[in-house]
Structure formats: structure tokens, C-alpha cells
Amino acid sequence: MEVKLTGGPCQDFMARLLLLIFCMWVPVLGRVQNASVSSSSANVLNIGALFTFNSFIGKAAKPAILAAVEDVNSDLTILEGRKLKVIFQDTNCSGFIGTVEEVRSLSTGTCLQELECRSFDMGVLACVALQLMEDNVVAVIGPQSSGIAHVMSHVMNEFHVPLLSFGATDPTLSALQYPYFLRTTQSDYFQMHAIAALVEFFEWREVIAIFVDDDYGRNGISVLGDALAAKRAKISYKAAFTPGATRNEINDLMAGVNLMESRVFVVHVNPESGLSIFSVAKVLGMMKDGYVWIATDWLATVLDSSDTVDPDRMNELQGVIALRQHIPDSDFKKSFTSRWDKLKNKGISSVNSYAFYAYDSVLLVAHALDVFFKEGGNISFSSDPKLHDTNGSKLHLSTLHAFDGGHQFLETLIGMNITGLSGQLQFDSEKNRIHPAYEVLNIGGTGVRRIGYWSNYSDLSVITPETLYKSPQKANSSNHLYSVIWPGEITAKPRGWVFPNNGKPLRIGVPNRVSFEEFVAKDKGPLGVRGYCIDVFEAAVSLLPYPVPHTYMLYGDGSRNPDYSDFVYQVVENKFDAAVGDITIVTNRTRIVDFTQPFMESGLVIVAPVKETKSSAWAFLKPFTVQMWAVTGVFFLFVGAVVWILEHRINSEFRGPPSQQLVTVFWFSFSTMFFSHRENTVSTLGRLVLIIWLFVVLIINSSYTASLTSILTVQQLTSRIEGIDSLISSNEKIGVQDGSFAWNYLIEELNIPVSRLVHLRDKEEYAEVLKLGPKDGGVAAIVDELPYMQLFLAKTDCIFGIVGQEFTKSGWGFAFQRDSPLAVDLSTAILQLSENGELQRIHDKWLSNKECISQLNQVNENRLSLSSFWGLFLISGIACFVALTVFTFRALFQYRRYSPEEGKDEEDEIESPTRPSCLDFIDKKEAEIKEALKRKRQPIDSSDG
């Protein structure tokens with residue numbers, strides 16, 4: 001019998017699993033075939049331990065596991081007198097790369113007679129799994145390798161034995177296909193989100209991922225890509241190397257990534273091979289200023305596990321940022337650390353985080369078994385009916401036993417909540433440990449410096465995560481880190497990118513215009529292009545603190561202006577690195593590219609033929625709207641009537657026959673317009689009303705005079721088209737410049753039929769179609785952007801003009817590929833150009849300053865309306881109302897005294913045979929009423945005497 005597997009890191013999983021099962025079953029030949037094996041009364045409970053002893057993680061894990069077993073067995077409150085026994089098996093592997101040449105002699109009881117492996121003895125792993133099954137283990141601690149964990153999880157699923165890994169961090173191991181896998185360490189899912197938070201915090205947009213090409217490396221970097229995408233960043237390049245790659249292979253890989261744009265490197269490798277990455281980077285000059293290195297927790301594991309500090313090694317790591325799984329401080333942790341010198345293996349100077357997780361794995365199993373037994377659980381094993389021998393088979397698969405209480409024990413493990421060395425040990429619904437947290441370290445000098453923490457609860461912070469759990473109010477203000485010393489011993493944050501060192505300049509697309517060439521056009525000079533936009537771009541680039549090698553590439557055939565939407569899309573298609581020109585920033589373009597700060601304000605306007613307006617005999621009516629004239633006239637009469645009422649009883653100038661009084665009201669009302677009223681006001685209320693009204697009249701007269709002066713002295717132009725509304729309502733042709741976004745805007749936003757739109761090539765065609773007009777094959781108006789129209793009008797002697805207002809607001813900017821850091825830096829440079837006046841100087845150089853001094857007749861829009869004066873009318877109206885109210889109450893009070901109620905004694909009445917009506921009373925002079933009231937009081941005074 002022969003089984004072969006082709007070598008390589010991407011072997012088909014089923015082939016590997018098949019080999020594993022073949023090897024695993026063989027040594028049980030000749031064993032007693034019991035249907036069920038019970039060990040409920042056994043005093044010794046077997047647990048397995050699978051990991052590589054001679055590794056950074058394994059050297060710390062083994063003494064930690066032994067210490068945990070010792071502590072559990074010495075604690076009489078756990079397991080009710082039962083003892084744990086750990087069965088160690090050394091996997092002695094780092095991956096699945098190998099070829100099984102021959103499997104034979106199956107009946108000899110040995111696992112494999114002949115086996116050839118390049119970097120991992122698959123037969124050893126098979127025998128390891130089998131030996132653990134032979135010992136009826138109730139749980140397995142390990143493995144540390146994510147790749148081995150994938151395979152072992154399938155085996156544990158079959159035998160219902162929980163697999164508790166303290167070192168396998170591959171995020172995909174949490175999938176539903178591995179129900180018996182339980183991770184007692186943190187998943188790389190959270191570590192990659194911590195790295196994404198760092199990238200966002202330092203405002204980088206791209207990183208290069210350097211990783212080992214196995215399950216651990218690939219799956220971790222895949223999660224990193226998703227985490228960065230959620231923060232609008234990305235992995236620009238994935239640099240993978242095979243497990244066991246030689247130094248020359250790593251050198252070639254690093255030399256390649258050094259030619260790329262990004263200078264932010266994320267290193268996600270195994271502890272055993274990771275240091276060679278930095279050694280090669282040091283030789284290639286990649287550990288100097290401008291570079292950023294972020295290492296996952298493997299580097300902290302290496303540094304924590306070293307016997308002594310190696311100066312040469314630390315020199316290679318200066319400025320590196322590393323993550324370390326955060327272990328909260330506790331008395332339990334301090335006690336264990338103090339025992340470490342007696343427990344540790346040779347080569348381990350201090351305890352690393354994986355030692356804590358290994359210890360807690362045993363502790364979790366012990367406490368879970370204690371609960372399992374108290375809930376009536378039973379340790380028993382039975383044959384798996386799915387495993388049976390085929391005819392002639394010598395494997396005797398029916399002799400293998402599964403853990404009957406495995407599922408119940410797994411549920412107990414998942415539901416546990418204990419406090420171990422690594423903190424609270426509890427699992428969420430996805431079987432990940434709750435409260436994942438990492439320390440952010442900065443390597444400098446001969447040691448490391450903690451600059452902050454990350455947790456999925458509080459993000460980045462300088463406050464410990466456990467403190468933030470207890471004080472949530474501190475979490476909102478904690479998103480920061482301490483200062484970092486970067487490679488090259490600099491404290492300023494590196495930019496994180498450079499122009500690729502591959503000899504290729506930046507490809508700048510430029511529209512090949514045939515009209516309005518003052519903005520941008522083809523040229524025979526060294527640059528190949530010229531114009532206002534080019535000068536602005538060159539001036540902005542010159543302000544950048546780094547060189548920007550670039551070359552201009554024309555877009556368009558030169559016969560007509562190119563379509564600018566297609567032009568911008570060339571940047572998306574990576575045909576250009578950027579687009580420079582008179583590019584309008586509109587919504588649909590911002591979705592696909594990044595624009596700089598606008599360097600020119602713009603907006604759509606309407607240009608149409610205009611003619612001079614002749615003076616009208618009725619021009620004096622134009623300053624006010626009809627509504628304004630009407631309200632003003634009404635108020636003149638109203639105020640005159642109010643003043644008449646207030647003055648009539650006491651002022652002889654406001655008395656007389658009705659016809660004379662009516663004339664007086666009209667005369668007084670309108671004479672106040674010119675402040676020529678001859679009637680004097682003597683009452684306090686009348687004077688109050690009049691002075692407020694004269695103030696209103698003053699304002700109205702001044703406004704009217706200014707508006708009329710403007711109408712009569714400034715040359716007025718008029719057009720049949722008054723604005724965008726009148727243009728839309730007509731059915732006449734509209735001209736639009738070639739390539740302009742205005743074409744789509746008029747169709748999609750304003751619903752103008754395509755049949756009404758006409759493409760126009762250049763300024764000469766603009767003038768021609770406007771002169772012809774819609775009746776002779778021309779257009780009624782042209783819709784284009786303001787900068788073009790200003791340039792066009794300046795060269796046409798103002799026979800055309802802008803009608804209406806700008807009906808869109810936008811600007812021109814330079815377009816870059818999404819997340820390009822150049823867009824941000826150039827935006828800052830453009831603002832500097834604007835502040836120092838250079839932008840205006842470039843404008844004056846290329847664009848004409850001539851403007852049409854005539855203006856369009858927009859009387860309807862500029863006439864003074866009631867909206868400008870309603871406040872004055874309101875004040876005057878309130879004053880009139882208050883005065884009339886006071887006057888009315890005063891008159892009624894006098895009338896009541898003047899006409900006593902019935903039933904009074906005759907001596908209390910005024911000598912009058914009949915009572916006058918209210919109107920007659922109001923018409924009486926004030927002096928007569930006062931005299932009558934005086935006579936009324938005299939008899940009363942005499943009788944009292």
C-alpha cells in the first residue's frame with residue numbers, strides 16, 4: 001500500500017487528513033476490542049499536551065503546564081481527590097510540508113516504517129494523536145501551531161475530545177467546523193484590528209504585509225485586510241515567504257518591497273523565523289528614518305523569552321512597534337512570576353504571555369472537570385460506529401474509542417468563568433475570550449517601552465483596559481498613545497510612503513483641449529503642456545517637502561475637447577496616477593477618486609445675447625414693487641387718519657366742516673413724504689406717531705432715491721432669457737461645451753431633453769451660434785462654467801452677457817487615485833499658494849482682467865420690495881395702535897363721567913336735558929368737555945360746604 005502527498009504549503013486538506021488517519025489507526029492493532037471503557041471511578045484523569053518543546057512558546061509552556069498540574073493536584077477543593085496526569089507529546093514541527101513515500105508493514109504495530117519529510121514529520125504527528133487516544137485523554141492542551149490545530153481539530157471532533165490551544169491564534173479556527181476547538185489565548189482577529197487602529201491613529205493609508213505563507217500567516221493577514229478596509233486603508237502588497245525560507249529568499253523578498261511606495265510594514269511571522277526579517281532589513285537600509293515597522297505579538301514573545309539582551313539583535317529592532325497580549329496585574333500573577341526561576345527551562349529568561357495561557361488551560365480543564373463531576377458527569381469511552389473495518393482491512397478501526405461525555409464536557413468548558421493568571425477566563429458566543437487586549441510596545445535602546453494599550457472596548461489608550469472596564473466614562477477621552485521613537489531615532493511621525501524607487505515617475509494625465517487653452521493646452525516646451533492649471537500644479541508641487549518626479553501625458557485626440565468624466569475614470573483604471581487640469585469637482589467623481597482642495601471657484605451660468613435697455617417714461621415707478629407701492633400708500637393714509645383722530649379735539653387746524661377735514665387728512669398724509677406739512681401737532685400721542693412715521697418716510701425716500709439713481713444712470717442690458725427657469729420652460733436650443741459635466745447635469749438634474757442640447761467646440765463657435773439665435777440654427781443661450789464664460793465675455797466686447805444667477809456651486813481640483821497621500825499634501829500646498837498670493841499672480845498671468853462694465857437689466861430682481869421694509873411698517877403700525885388705544889380709553893373715561901348712568905340723583909347729573917351720542921362727544925372740543933366736568937364738580941363741592 002502506498003500513499004503519496006505532494007509537498008507545499010497549500011496541500012489539499014483531505015489528503016493530509018487521510019494520511020493522518022491511516023497512521024493513527026495502525027498502532028492499535030492487537031488491542032482488546034472492548035465495546036465500552038469506563039473510568040468514572042478512576043482517581044487519575046489523563047489530559048494530553050501537544051506542542052513543540054524546543055520553541056520559544058514550548059519552552060515556556062511546558063513548565064507552566066507542569067506547575068498548573070502540581071497546583072491543581074495539591075488543591076483538595078478541586079476534583080474531590082482525583083488527580084490530573086498530563087501526557088506530553090512533542091510535535092516537533094512548524095507546518096505541513098512533506099511527502100510520505102511509503103506506508104507499509106501495517107501489522108507490525110509501528111506507525112510508519114519508512115517516512116520522508118522536508119520540514120515536518122507527518123508520521124510523528126499521526127503517532128502523537130494516536131498515543132493520546134490510546135491513553136483515553138479527556139482533553140488535549142495545544143497545539144501551538146495553527147496549521148496543526150486545523151488537522152487535530154478534525155480528529156478531536158471525531159473522538160469528542162476538547163482541544164484547548166494556548167498558542168494557535170489563526171482566526172479561522174473559530175469556525176463552526178471545529179466545535180471541539182477552544183482557544184485559551186487571544187485570536188489574531190483582535191490583534192489585526194489593533195494594528196488597523198494603529199494605522200488609523202497615525203493616519204497612514206497603505207501598508208505592506210510581510211508574513212509566513214501558512215494557515216497562521218495567510219488567515220491573519222486576510223483579517224488585517226478587512227480591518228484596514230473598514231478604516232479606509234488597505235494592504236498595498238502582500239509579501240509572503242514559505243516556512244523555512246532561506247536568508248537569500250528573504251533578502252530577495254525584502255529588496256522587492258523596498259522598491260514600493262508604502263513605508264509601513266506589518267510583520268506577521270513565526271517567532272523562530274521572524275528575526276531574520278529585521279536582520280535583512282537592517283542590511284538593506286530599511287531600518288532608518290522614514291520607515292515604519294509593526295510586528296505582531298511574535299516579537300514580544302521572542303524578546304520575553306531571551307536569556308540575555310543581545311545588543312546586536314536590539315540594534316536591528318530600533319524603532320519597531322510591537323504588540324504583546326495584555327495580562328492584567330494580579331497577586332496570582334506576581335506569585336507565579338516569583339516561582340518562575342525554579343520552573344523555567346534553559347534558555348528562557350522571563351515568563352512570556354503564552355506561559356500564562358498554558359497554565360490557565362490546565363486550570364480551566366481542572367475546574368471544568370470539577371463542575372462536570374458535580375453535575376453527574378461520567379468519564380467513559382465507547383466505540384465509534386462510524387469507524388469500521390472493510391473486508392480484508394488490517395487497520396481494526398473498530399477498536400478506537402470516543403469520549404462519551406465529550407459534548408457535555410465541552411459545554412461545561414465553554415460556560416466556565418474563572419480567574420486565572422491571564423485574567424478573567426470566559427468565552428463569548430463565538431468561543432473567543434472576552435475582553436481581548438494588547439499592549440503597544442516601542443523598542444528602543446536595550447529594552448522596550450510601553451506606549452499604550454488596545455482593547456476592543458476602548459480602542460487605543462494609555463489607560464489599562466481593566467481600568468476602563470470599571471470606569472467607562474474614561475474611555476471616550478482615552479484614544480491616544482505616548483510618543484514613539486521611530487527608526488532613525490526620530491520622534492516626528494513618518495509620512496509612511498515615498499515615491500516608488502523603481503525609476504517610474506508619476507503619470508499625470510492632462511486634457512488635450514482645443515478651446516480655452518489659457519487653462520491647459522498642449523505645448524512644445526520641456527513639460528509638453530502649459531496653462532493656468534499647469535502652473536498651479538507645478539507651484540503646489542514645489543512647496544512639498546519631498547521631490548515628486550512626474551511626467552505629463554495628454555488625453556484626447558486634439559480635434560475636440562475630451563469627455564472629462566472619461567478622463568477622470570482613466571485614473572481609476574490606473575492609466576494615470578493623477579489628472580491635472582480644469583476638472584470640476586462633482587459628486588459622482590468624488591466617489592471614485594480623491595480631489596485636492598479646489599484652486600478655482602466655479603459654477604454653471606447662462607450666457608445669452610443682450611441689448612441695451614432704453615429709458616422709460618415710467619422709470620420712476622421701477623424702484624418699488626407693486627406691493628411696496630400699495631402698502632406705502634395705505635400707510636400714508638392710515639397715519640394721516642390716526643394723527644387727525646389724535647389732534648381733532650384739541651387742535652383747531654384739524655377741525656372744520658367734514659369736507660375740509662377730509663382734505664386735511666389727505667394733505668397731511670402725503671405732505672409728510674416731503675416733510676412739508678404745515679399743520680402742527682400739539683398732542684403728545686400725535687407727536688409720537690408722527691415722529692416715528694417721519695423716520696420711516698426718511699428711510700423710504702433715501703432708498704427710493706438711490707434705486708432710481710441707479711436705474712437712470714447705469715447702462716442697463718436686457719435679454720429674453722432671464723435665468724435658468726425661463727431657459728428650462730422654453731423649447732429653444734442650448735449650447736454646451738464639449739466634454740463638460742454640464743451636459744449630463746442638464747439632462748439628469750434639470751430634465752432637459754437631449755434634442756435641445758448642442759455640443760460646442762470653441763469660443764468662435766460660441767459667438768457664432770449666439771449671434772444666429774435659435775431661429776437661424778443657433779442657440780438661445782449657452783450653459784457653461786463661470787471661469788470659461790468670464791474669459792469668453794472679455795473677448796467679445798460684451799455683446800453677450802451672463803443672465804440670472806449661478807445655479808450650481810463647485811470648484812476645480814486635481815484628481816488622484818483613492819487614498820493617495822499626495823491629494824492631502826497638495827491640498828495643503830494649494831492653501832499656502834492662496835495665502836501667500838501666488839495663486840492670484842498665476843491667475844493674473846493667464847486670465848484676462850477685463851470685465852464688461854454693463855450689467856444686465858434685472859429690475860425685477862433688484863426692485864425694492866416689502867420684505868426689505870416690513871419691519872419699519874410694523875414699528876409705525878404698533879405706534880399708531882398704542883396711541884389709538886390710549887386715546888380711546890381716555891375718551892371713554894371722560895364720556896362715562898360726562899353721561900352718568902340712570903338712577904342717579906338729579907344733583908349728580910350735568911345740566912343737560914339729554915345725553916350726547918358717542919360720536920358727538922368725540923367731536924366736541926377737549927376744552928368744552930373739561931369745562932363741563934368742572935361745572936359738574938362745583939355743586940358737589942358747594943353742598944359739602
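In the predicted model, 5 strands form an open sheet of mixed pairing, arranged in the order β32-β31-β33-β28-β34. Helix α23 (residues 763-772) lies across β28 (604-609), β31, β32, β33 (781-785) and β34, at about 150° to β33, whereas helix α24 (residues 786-794) lies across β28, β31, β33 and β34 and runs at about 125° to β33.

A further open sheet, again with mixed pairing, is built from 8 strands in the order β10-β9-β11-β12-β13-β18-β19-β20. Strands β13 (residues 321-325) and β18 (residues 437-444) are antiparallel and share 5 bridges, with A322 bridged to L441 of β18. Helix α6 (residues 215-229) packs on this sheet through β9, β10 and β11 (264-268), its direction making about 165° with that of β9. Helix α8 (residues 271-283) also packs on the sheet, where it touches β9, β10, β11 and β12 (292-295), and its direction makes about 175° with that of β12.

Packing between helices is illustrated by α2 (residues 56-74) and α11 (residues 331-343), whose axes lie 11 Å apart and meet at an angle of about 115°; because angles of 65 to 115 degrees count as roughly perpendicular, α2 is described as roughly perpendicular to α11. The crossing of α2 past α11 is right-handed. On the α2 side the contact is made by A60, P63, A64, A67 and D71, which meet F336, R339, W340 and L343 of α11, and the residues of this contact divide into 7 nonpolar and 2 charged, with no polar residue.

The count of salt bridges comes to 26. One of them joins D819 to R205, with the closest N and O atoms 2.9 Å apart. This pair links distant parts of the chain, 614 residues apart: D819 lies in the loop between β36 (815-816) and α25 (821-835), and R205 in the loop between α5 (188-201) and β9 (206-212).

Methods
Residues are numbered from 1 along each chain as its sequence is written. This is a predicted model: local features need pLDDT of at least 70, side-chain atom pairs count only at pLDDT 80 or more; totals for chains, interfaces and linings use all residues. Side-chain values use heavy atoms; hydrogens and water are left out. Two strands pair if DSSP finds at least two bridges between them. Helices (H or I, at least four residues) and strands (E, at least two) are DSSP runs, numbered from the N terminus. Contact means heavy atoms within 4.5 Å. Axes are lines fitted to C-alpha atoms, for helices over the stretch in contact, and angles run from 0 to 180 degrees between N-to-C directions. Angles under 35 degrees count as roughly parallel, over 145 as roughly antiparallel, 65 to 115 as roughly perpendicular and the rest as oblique. A crossing is left-handed if the near helix is turned anticlockwise from the far one by less than a right angle, and right-handed if clockwise. Ala, Val, Leu, Ile, Met, Phe, Trp, Tyr, Cys and Pro count as nonpolar, Asp, Glu, Lys and Arg as charged, and the others, Gly among them, as polar. A salt bridge is a side-chain nitrogen of Lys or Arg within 4 Å of a carboxyl oxygen of Asp or Glu.
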